[in-house]
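User: I've got a chain open on my screen and I'd like to talk through how it is put together. Can you take my questions one at a time?

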Amino acid sequence: MSGHRPAIALGYAAFVQLRHGPYEQYACARLGDAEVSRQVVRHALRRTELSWDAVLAADPAAFAWRVLGEVVAEALAAVPRPGADALHRDLPTRAADAALLYEHLGMPAYAAAELMGLAEPELHVELLVARRLLAERRRNAPA
C-alpha cells in the first residue's frame with residue numbers, strides 16, 4: 001500500500017504533462033489573455049488533482065475537461081471580455097469546444113476528442129451540430 005500514493009502522483013503528473021499545453025491553448029482562445037489562461041489552467045488542474053481518486057474512478061479526461069470549462073466560465077463571469085468567447089455564446093458547450101479545438105486551433109479530430117473525453121465519432125457529431133447552428137445563425141442574421 002505504501003507504493004499506492006507515488007503511483008497516483010506519477011499518473012497525475014503524466015496526465016498534466018499531456019494536457020497542460022492544449023488546455024492553455026483552449027483557455028487562451030476563450031479568454032483572449034495568455035496570463036489569465038495560465039492561472040485558469042493552474043486552478044483547473046489543482047481542482048482536478050484534489051479530486052484525483054474520484055477522477056480515476058470516472059473518466060479522467062472528461063472530468064478534467066468539465067472542470068477546465070467551469071473554471072474558464074468562472075473567469076469570464078468575473079471579468080467580462082468584450083469579443084471573447086463568441087463560439088460559446090452562440091453554441092452549446094460541447095459543440096463550441098469541438099469547433100474551437102478542431103476548427104480554430106487546428107487540432108486533429110482524434111486529439112480533440114481525447115482531450116474532451118469523447119470518442120472520435122462523438123466529436124464529429126458535435127462538429128456537425130456546430131456547423132449547422134452557425135450556418136443557421138448566418139442565414140437568419142440581419143443583412
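This is a predicted model: local features need pLDDT of at least 70, side-chain atom pairs count only at pLDDT 80 or more; totals for chains, interfaces and linings use all residues.

User: What share of the contacts with a separation of 6 or more comes from residues 24 or more positions apart?
Analyst: Contact here means heavy atoms within 4.5 Å. Among the contacts with a separation of 6 or more, residues 24 or more positions apart account for 65%.

User: Now the aromatics. Is the pair of Tyr23 and Trp65 stacked or edge-to-face?
Analyst: There are 4 aromatic pairs in the count. For Tyr23 and Trp65, the ring centres are 5.8 Å apart, inside the 6.5 Å limit for a pair. Their planes sit at 65°, and over 60 degrees is the cut-off, so the pair is edge-to-face.

User: Which helices does that pair tie together?
Analyst: Tyr23 and Trp65 are 42 residues apart in sequence, so their pairing links separate parts of the chain. Tyr23 belongs to residues 4–31 and Trp65 to residues 60–78, which makes the helices H1 and H4.

User: Are Tyr23 and Trp65 buried or exposed?
Analyst: Tyr23 has a relative accessible area of 1%, and Trp65 has 6% relative accessibility. The cut-off is under 20%, so Tyr23 and Trp65 each count as buried.

User: Is H2 roughly parallel or oblique to H4?
Analyst: Two packed helices are described by the angle between their axes and the distance between the axes. For H2 (residues 34–50) and H4, the axes are 9 Å apart and the angle is about 135°. Roughly antiparallel would need over 145 degrees and roughly perpendicular 65 to 115, so H2 to H4 is oblique.

User: How many nonpolar, polar and charged residues are in the contact of H2 with H4?
Analyst: H2 passes H4 in a right-handed crossing. H2 puts in Val40, Val41, His43, Ala44, Arg47 and Thr48, while the H4 side includes Phe63, Leu68, Glu70 and Glu74. By class, the contact comes to 10 nonpolar, 2 polar and 3 charged.

User: Further along, which residues of H6 are buried?
Analyst: H6 covers residues 93–104, and Gly106, with a positive phi near 70°, follows the helix. The buried residues of H6 are Ala95, Ala96, Asp97, Ala98, Ala99, Leu100 and Leu101.

User: How many charged residues does the contact of H6 with H8 have?
Analyst: Among the residues in the contact are Arg94 and Glu103 of H6 and Glu122, Glu126 and Arg131 of H8. There are 8 nonpolar residues and no polar ones, and the charged count is 5.

User: What separates Leu134 and Leu87 in space, C-alpha to C-alpha?
Analyst: Leu87 is in helix H5 (residues 86–90), and Leu134 is in helix H8. Leu87 is buried at 14% relative accessibility, and its contacts include Ala96, Leu100 and Leu134. Leu134, in turn, touches Leu87, Asp90 and Leu91, leaving out residues up to four places away in sequence. Leu134 and Leu87 are 47 residues apart in sequence, and in space the gap is 9.0 Å.

User: Last one: which residues is Leu123 in contact with, leaving aside its neighbours within four places in sequence?
Analyst: Leu123 lies in helix H8 and is buried, with a relative accessible area of 0%. Its C-alpha is 26 Å from that of His43, 80 residues apart along the chain. The contacts of Leu123 are Ala98, Ala109, Ala112, Ala113, Met116 and Leu118.

Note on methods
Residues are numbered from 1 along each chain as its sequence is written. Side-chain values use heavy atoms; hydrogens and water are left out. Rings of Phe, Tyr and Trp (its six-membered ring) pair if their centres lie within 6.5 Å; planes under 30 degrees apart count as stacked, over 60 as edge-to-face and the rest as tilted. Helices (H or I, at least four residues) and strands (E, at least two) are DSSP runs, numbered from the N terminus. Buried means under 20% relative accessible area, exposed over 50%, partly exposed in between (1.4 Å probe, protein chains only). Axes are lines fitted to C-alpha atoms, for helices over the stretch in contact, and angles run from 0 to 180 degrees between N-to-C directions. Angles under 35 degrees count as roughly parallel, over 145 as roughly antiparallel, 65 to 115 as roughly perpendicular and the rest as oblique. A crossing is left-handed if the near helix is turned anticlockwise from the far one by less than a right angle, and right-handed if clockwise. Ala, Val, Leu, Ile, Met, Phe, Trp, Tyr, Cys and Pro count as nonpolar, Asp, Glu, Lys and Arg as charged, and the others, Gly among them, as polar.
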